Amino acid sequence: MSNNKRFIFGVALDATAEINPDEILSTQLEAARLLDEHSFDFLTLNDSFETGFDALLTASFISTQTHQIGLIPTVTTTHTEPFHIATATA
């Protein structure tokens, strides 16, 4: 019996108020491309109300610019109805 255990590597990317809001998307995209090149398995993106960062919208954009990395947007349902999130995710 083969013992093929494999590590799964992921990174959480958060939009912080310390980054200029105009640079958040380019910074997130640059980080996602770098992680994709180095065969990371996934990255998570969190909504930020301080910066106006939309994790689902950003994940949709990043998915067109990367090849194999999994994207996990964390969207809060406090301000967005779950059916809108389901539709946007589909």
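Reader: Which residues line the largest pocket?

Author: The lining of the largest pocket is made of D47, S48, F49, F53, D54, L56, L57, V75, T80, H84, I85 and A88. The general idea is that rolling a probe the size of a water molecule over the atoms shows where empty space is left. On a 1 Å grid over the protein atoms alone, a pocket is an open set of points where a 1.4 Å probe fits, with protein on both sides within 12 Å along at least five of seven lines, and lining residues have an atom within 4 Å of a point. This is a predicted model, in which local features need pLDDT of at least 70 and side-chain atom pairs count only at pLDDT 80 or more, while totals for chains, interfaces and linings use all residues. Residues are numbered from 1 along each chain as its sequence is written, and side-chain values use heavy atoms, with hydrogens and water left out.

Reader: What volume does the largest pocket have, and which helix gives the most to its lining?

Author: The volume is about 160 Å³, taken as the space filled by probe spheres set on grid points joined across faces, edges and corners. Helix 3 (82-89) and helix 2 (55-63) each supply at least two lining residues, and helix 3 gives the most, with 3. Helices here are DSSP runs of H or I with at least four residues, strands are E runs with at least two, and both are numbered from the N terminus.

Reader: Is D54 buried, partly exposed or exposed?

Author: D54 is partly exposed, at a relative accessible area of 36%; buried means under 20%, exposed over 50%, and partly exposed in between (1.4 Å probe, protein chains only). D54 is in the loop between strand 2 and helix 2.

Reader: Which residues make up the largest nonpolar core?

Author: In soluble globular proteins, nonpolar side chains tend to be buried together. Here the core has 12 residues: L13, I24, L29, A32, L35, L43, L45, F53, A55, A59, I62 and I69. Helix 1 (24-37) provides the largest share, 4 residues. A nonpolar core is a set of buried Ala, Val, Leu, Ile, Met, Phe, Trp, Tyr and Cys residues joined through side-chain atoms within 4.5 Å.

Reader: How many bridges pair strand 1 with strand 2?

Author: Strand 1 (residues 10-14) and strand 2 are parallel, with 5 bridges; two strands pair if DSSP finds at least two bridges between them. L13 has L45 in strand 2 as its bridge partner. Strand 2 also runs parallel to strand 3 (residues 70-74), again over 5 bridges.
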